[in-house]
Amino acid sequence: MGTKGPTGMGSPHLSDQQLMQLEDGELSEREASHFQSCPQCGSRLRDAQAARAAYVEYRDAFRASLLAPPPKSWRTLDALITRHEASRPRGLHWWSVPSLAAGACVMLGLIVSALVLWSPRQTSSARASLLLTQSAKRVLPQRRFISLRVHGRTLVRPAVLSTEAEAEGDSDIARLQMVFAAAHYSWREPLSARSFQAWRSGLRDKRDSVSIIRAQDDESYRVRTETDSGVLRTASLTLRAPDLRPIAGAFDFEREGIVELAEAAASNEHASEARAQPTRPFTAPPRNETPAGPEVTLHVLAALNQIGADVGEPVEISEDLRHQHVVVHAAGVGRERQRQIAGVLKAVPRVMLEFDSGRSPLPPAKATPLERYSASIPATLRQQFEERLGGSTAFQEAIDRVLEASASDVAQAHALEILARDFGPRIEASLMAPDREILHKLRDNHISELERLVSRIREDFKPLFPGIPDGAIAQAANGGATASWQAGAASLVAVARKTDDSLNRLLASSYSQSSGEEMLRTLAAQIEQFDSAIRSERQAGR
């Protein structure tokens with residue numbers, strides 16, 4: 001209170017000039033210690049770094065091609081060092097080994113990239129700009145080849161064409177070339193961070209995201225940019241994590257569909273053809289890859305179930321465009337949870353793991369009792385509840401347990417519904433016996449957890465239910481048998497949500513005494529109906 005900050009001008013934060021001095025290592029020890037403990041100053045410095053990265057992106061993409069060359073060639077730093085070293089006794093110095101110096105620069109760039117990339121306040125656009133800028137600095141091999149997947153064909157061509165001349169004799173390639181030109185995206189070098197950066201910088205409105213992809217022991221970053229203008233609506237570039245080398249890309253053109261690019265191995269035959277006709281691709285032989293079947297998704301669900309990540313967490317499971325891999329996408333999960341998910345999925349083949357780094361961790365799904373418990377319950381009814389449950393404290397604790405169990409019931413029922421949707425009777429019958437056993441174990445785990453949670457709700461609220469005619473409960477609980485456990489999953493979700501809604505209305509809304517008593521009778525019947533639906537689901541699975 002009233003103490004002057006490190007600027008000495010009455011402000012508690014560092015000035016812009018002091019932040020620049022901090023980057024140059026010229027800040028005093030006292031001022032530097034303030035920066036270490038001040039989130040606001042740290043955020044301002046990161047914003048400045050992101051702005052500089054965006055300017056470098058703009059400069060490299062547009063200004064460099066417009067500037068005239070210097071009057072004469074400048075002498076490089078390497079040339080000056082070489083001349084200086086020639087006049088001295090020969091010895092081993094780090095700067096005399098160009099490969100070591102280049103490797104050190106690349107490693108330093110990657111370390112800086114990692115630190116800024118995973119800064120908690122770094123935006124998705126800043127992450128994308130930084131990754132693309134670092135990747136564009138890489139010197140790629142000259143004799144690279146890329147494959148293009150379009151209209152069911154796989155075509156291979158040099159990664160960099162010598163000219164923008166139109167390809168002859170191939171209508172698909174000629175069409176692609178025109179589409180890329182209309183999108184203002186380089187056809188000469190499409191699998192390139194520099195080309196991606198130039199297209200992205202020209203967009204007036206864009207939405208960026210950066211994901212981490214883990215497949216077995218490999219890790220990569222996927223930069224994805226979406227826009228509402230132009231013929232190219234969505235583009236993504238996959239960068240290999242160790243060196244940020246572009247290895248794949250996907251381009252979603254309006255009215256053209258998705259074009260997929262990937263690095264391709266070049267054989268001697270392909271290389272000779274490329275020399276003779278650098279702009280003419282050839283059709284690659286068909287791949288003998290086996291599509292990812294439902295058993296892969298089943299093994300992913302079983303692995304996630306081991307750590308409870310298949311219920312109530314922001315994890316989505318899908319297949320890639322070629323149906324060769326199962327993609328597990330997790331958004332808004334912490335680094336420790338990411339490590340756990342990656343650990344259980346490491347042994348599952350044909351899995352690609354994506355962690356969305358552009359979103360902040362999600363807020364806690366469970367609200368505290370004080371947020372859920374309403375004092376609007378009629379005084380007479382509330383007093384009745386408290387007396388039957390052993391006092392106000394016991395009533396509050398029961399509310400906490402019941403609402404938590406009810407929310408978990410809905411999540412478990414939803415997980416069972418997804419299992420039934422993805423593994424219908426026909427798919428279930430096509431599974432091998434061991435995989436069918438895994439499916440049944442997952443189903444039984446969800447049903448057992450539902451039984452446990454409903455039992456907890458009934459036990460906690462049992463003192464509130466006396467005096468309700470058994471006939472009302474029996475009538476509500478009288479459910480018919482289902483043809484299969486898959487067919488009954490949807491109705492189970494509906495009953496779980498209805499019960500959860502009734503609990504929340506009873507415990508966290510305003511109503512009259514008579515309405516409260518009616519809701520209590522309805523709730524008792526719904527709990528029994530829920531329990532009956534769970535028993536029917538278990539019976540259908542036998």
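Visitor: At what angle do H13 and H19 pack, and how far apart are their axes?
Guide: Two packed helices are described by the angle between their axes and the distance between the axes. Here H13 and H19 pack at an angle of about 40°, and their axes are 8 Å apart. Keep in mind that this is a predicted model.

Visitor: How are H13 and H19 oriented to each other?
Guide: The angle decides. Angles under 35 degrees count as roughly parallel. H13 and H19 are therefore oblique to each other.

Visitor: Which residues make the contact?
Guide: H13 contributes Thr380, Leu381, Gln384 and Phe385. From H19 come Gln513, Gly516, Glu517 and Leu520. By class, the contact of H13 with H19 has three nonpolar, four polar and one charged residues.

Visitor: Which residues of H13 are buried?
Guide: H13 runs over residues 379–389, and Leu381, Phe385 and Leu389 are buried in this helix. They cover an arc of only 60° around the axis, so they sit on the same side of H13.

Visitor: Which exposed residues does the face turned away from the buried side carry?
Guide: Look for Ala379, Thr380 and Glu387 there. Thr380 also takes part in the contact with H19.

Visitor: What covers the buried residues of H13?
Guide: The cover includes helix H14 (392–422), helix H16 (433–461), H18 and H19.

Visitor: What follows H13?
Guide: Glycine 390 does. Its phi is positive, near 100°.

Visitor: Now the pair H18 and H19. What are their angle and axis distance?
Guide: H18 spans residues 485–507 and H19 spans residues 513–540. They pack at an angle of about 160°, with axes 9 Å apart. Angles over 145 degrees count as roughly antiparallel. H18 and H19 are therefore roughly antiparallel to each other.

Visitor: Is the crossing of H18 and H19 left-handed or right-handed?
Guide: The crossing is left-handed. The residues of this contact between H18 and H19 divide into 15 nonpolar, seven polar and three charged.

Visitor: On to single residues. Is glycine 249 buried or exposed?
Guide: Read the relative accessible area. Buried means under 20%. Glycine 249 has 9%, so this residue is buried. Glycine 249 lies in strand E6, residues 245–253.

Visitor: What is glycine 249 in contact with?
Guide: Leave aside its neighbours within four places in sequence. Glycine 249 is then in contact with Leu191, Ser236, Leu237, Val259, Glu260 and Leu261. Alanine 262 is 13 residues from glycine 249 along the chain, and their C-alpha atoms are separated by 6.3 Å.

Visitor: Where is serine 195, and which residues does it contact?
Guide: Serine 195 has its place in helix H8, residues 193–201. Its relative accessible area is 9%, so serine 195 is buried. Leaving aside neighbours within four places in sequence, serine 195 is in contact with Tyr185, Ser186 and Glu189.

Visitor: How does glycine 343 count by relative accessibility?
Guide: Glycine 343 is at 48%, so this residue counts as partly exposed. Glycine 343 is found in helix H11, residues 335–345. Alanine 303 is 40 residues away along the chain, and the two C-alpha atoms are separated by 9.4 Å.

Visitor: How many helices and strands does the protein have?
Guide: The secondary structure comes to 19 helices and eleven strands. Of the 542 residues, 41% count as buried. Among contacts between residues at least 6 apart in sequence, 65% join residues at least 24 apart.

Definitions and conventions: Residues numbered from 1 in each chain as written. Predicted model: local features only at pLDDT ≥ 70, side-chain atom pairs only at ≥ 80, totals over all residues. Heavy atoms only, no water. Axes fitted to C-alpha atoms, helices over the stretch in contact; angles between N-to-C directions. Helix = DSSP H or I, 4+ residues; strand = E, 2+ residues; numbered from the N terminus. Parallel < 35°, antiparallel > 145°, perpendicular 65-115°, else oblique. Left-handed = near helix turned anticlockwise from the far one by under 90°. Nonpolar A, V, L, I, M, F, W, Y, C, P; charged D, E, K, R; others polar. Buried < 20%, exposed > 50% of the residue type's maximum accessible area, 1.4 Å probe, protein only. Contact = heavy atoms within 4.5 Å. Arc of directions from axis to C-beta.
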